[in-house]
Amino acid sequence: MTRIKVGIIGCGSIAKHRHIPEYAMNDNVDIVAFCDIIAARAHAFADQYNAKAYVDYTELLENEEIDAVSVCTPNSLHAPVSIAALKAGKHVLCEKPMATSNEEAEAMIAAANESGKKLMIGHNQRFVSSHAKARSIIESGELGKIYSFRTAFGHGGPEQWSADGEHSWFFDKERAFIGAMGDLGVHKTDLLRFLIGEEFVEAAAFVETSAKANSTVDDNAVCILKSESGIIGTLAASWSYNGGEDNSTVFYAEKGIMRLEDDPDYSLIIDYKNGNSERHSLGAIQSNEEGQQTDTHVVEHFINSIVEDKTPPVCGNEGKKSLEVILAALESSETKQIVRI
Ligand SMILES: NC(=O)c1ccc[n+]([C@@H]2O[C@H](COP(=O)([O-])OP(=O)(O)OC[C@H]3O[C@@H](n4cnc5c(N)ncnc54)[C@H](O)[C@@H]3O)[C@@H](O)[C@H]2O)c1
């Protein structure tokens with residue numbers, strides 16, 4: 001089989017810590033191009049991987065050798081870059097949040113359909129071991145009916161993570177569109193949809209900018225969500241959980257309580273109503289903290305979908321549905337109304 005030739009657009013932290021190493025260890029891939037508006041970033045990786053460097057993504061897309069691209073740019077560029085790449089005949093792995101509106105998300109899906117190329121969104125939480133096991137437990141009916149949940153994704157903020165530190169685009173509404181809700185909240189709407197196997201139909205939320213100075217985006221949000229079968233719960237997204245990360249999800253069900261990523265030693269715990277309990281340590285979840293970058297399997301799934309010509313596990317439509325819940329929560333916070341999704 002001919003190897004898939006990949007270009008990386010945006011050479012900041014997510015490219016450095018996840019996309020590039022995961023492509024590099026994939027036997028079906030050659031990384032042939034890097035693009036960043038900061039030329040030194042593209043050149044540093046191009047030198048390391050014997051690839052071409054670009055500062056303008058439209059020029060990278062003209063390179064006919066390239067089969068697939070990763071879009072690792074600020075959020076506002078996800079849709080325009082992905083659409084241009086699909087129109088240029090490239091498969092696209094786009095980071096989350098997929099886009100800044102439903103219309104943009106729809107245009108990305110249409111571009112993928114028209115080109116016949118794959119579009120996958122980088123929602124890695126589904127592939128975390130504890131989450132994958134939780135999905136099969138819920139699906140098997142072992143926990144009985146799910147009544148409610150609480151989920152949180154919070155840390156001290158992207159200043160320690162982004163290539164541009166405290167001056168990052170993450171804090172600028174023009175380039176980011178949303179703050180903690182788009183950075184972290186959307187991971188959890190995608191995870192919850194995946195775990196319960198249902199769509200959310202209503203959202204209410206408080207979304208605040210309370211923690212960060214010099215920021216034009218939200219940094220603290222608490223949402224209440226209701227699914228189509230009536231499962232209700234809270235989702236918190238925050239850039240002000242100073243002193244440690246919370247990435248936990250808890251389900252309250254007919255036969256017991258299931259805790260995911262809520263204990264440092266056991267990533268999946270079930271305490272059953274009948275007194276039995278299960279403790280599983282299944283390997284660490286990815287975290288911004290140093291030394292916590294394990295294989296997310298996102299690149300592996302993307303490349304497999306190309307090689308085996310199948311729909312990627314987080315296709316454009318899935319990305320759009322996970323984004324819709326976040327957009328509804330933002331609308332609720334603005335209008336002070338419960339929003340139907
Ligand atoms: N899946 C995850 O868990 C996860 C984690 C972190 C970030 N992300 C997402 O990845 C994306 C990138 O985030 P990051 O953390 O790498 O940010 P970052 O600030 O570290 O890097 C962004 C890079 O994009 C470059 N860039 C900006 N405009 C560009 C353009 N027009 N063309 C090419 N490059 C351009 C910047 O110079 C910078 O090097 C964001 O959408 C973010 O939400 C996903």
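Trainee: Where does the ligand lie relative to domain 1 and domain 2?
Mentor: Keep in mind that this is a predicted model. The shell around the ligand takes residues from domain 1 (4–124 + 296–313) and also from domain 2 (125–289 + 322–340). Both domains contribute, so the ligand lies between them.

Trainee: And which helix gives the most to that shell?
Mentor: The ligand has 29 residues around it, and Gly10, Gly12, Ser13, Ile14 and Ala163 are the closest. By type, the shell splits into six charged, nine polar and 14 nonpolar residues. The top helix gives three residues, and that's helix H1 (residues 13–24).

Trainee: Let's jump to Ile146. Is it buried or exposed?
Mentor: You'll find Ile146 in strand E7 (residues 146–154). Skipping neighbours within four places in sequence, Ile146 is in contact with Ile138, Ile196, Ile231, Phe251 and Ala253. The cut-off for the label is 20 or more other C-beta atoms within 10 Å. Ile146 has 21, so it counts as buried.

Trainee: What about helix H5: how do its buried residues sit around the axis?
Mentor: The buried ones in H5 are Glu104, Ala105, Met108, Ala111 and Ala112. Looking down the axis of H5, they fall within an arc of 120°, so they line one face of the helix.

Key:
Residues are numbered from 1 along each chain as its sequence is written. This is a predicted model: local features need pLDDT of at least 70, side-chain atom pairs count only at pLDDT 80 or more; totals for chains, interfaces and linings use all residues. A residue is near a molecule or strand if its C-beta atom, placed from the backbone, lies within 6 Å of it. Helices (H or I, at least four residues) and strands (E, at least two) are DSSP runs, numbered from the N terminus. Ala, Val, Leu, Ile, Met, Phe, Trp, Tyr, Cys and Pro count as nonpolar, Asp, Glu, Lys and Arg as charged, and the others, Gly among them, as polar. Domain bounds come from an automatic or database domain assignment. A residue is buried if 20 or more other C-beta atoms lie within 10 Å of its own, exposed if 12 or fewer, and partly exposed in between; C-beta atoms are placed from the backbone. Two residues are in contact if their C-beta atoms, placed from the backbone, lie within 7 Å. The arc is that of the directions from the helix axis to the C-beta atoms.
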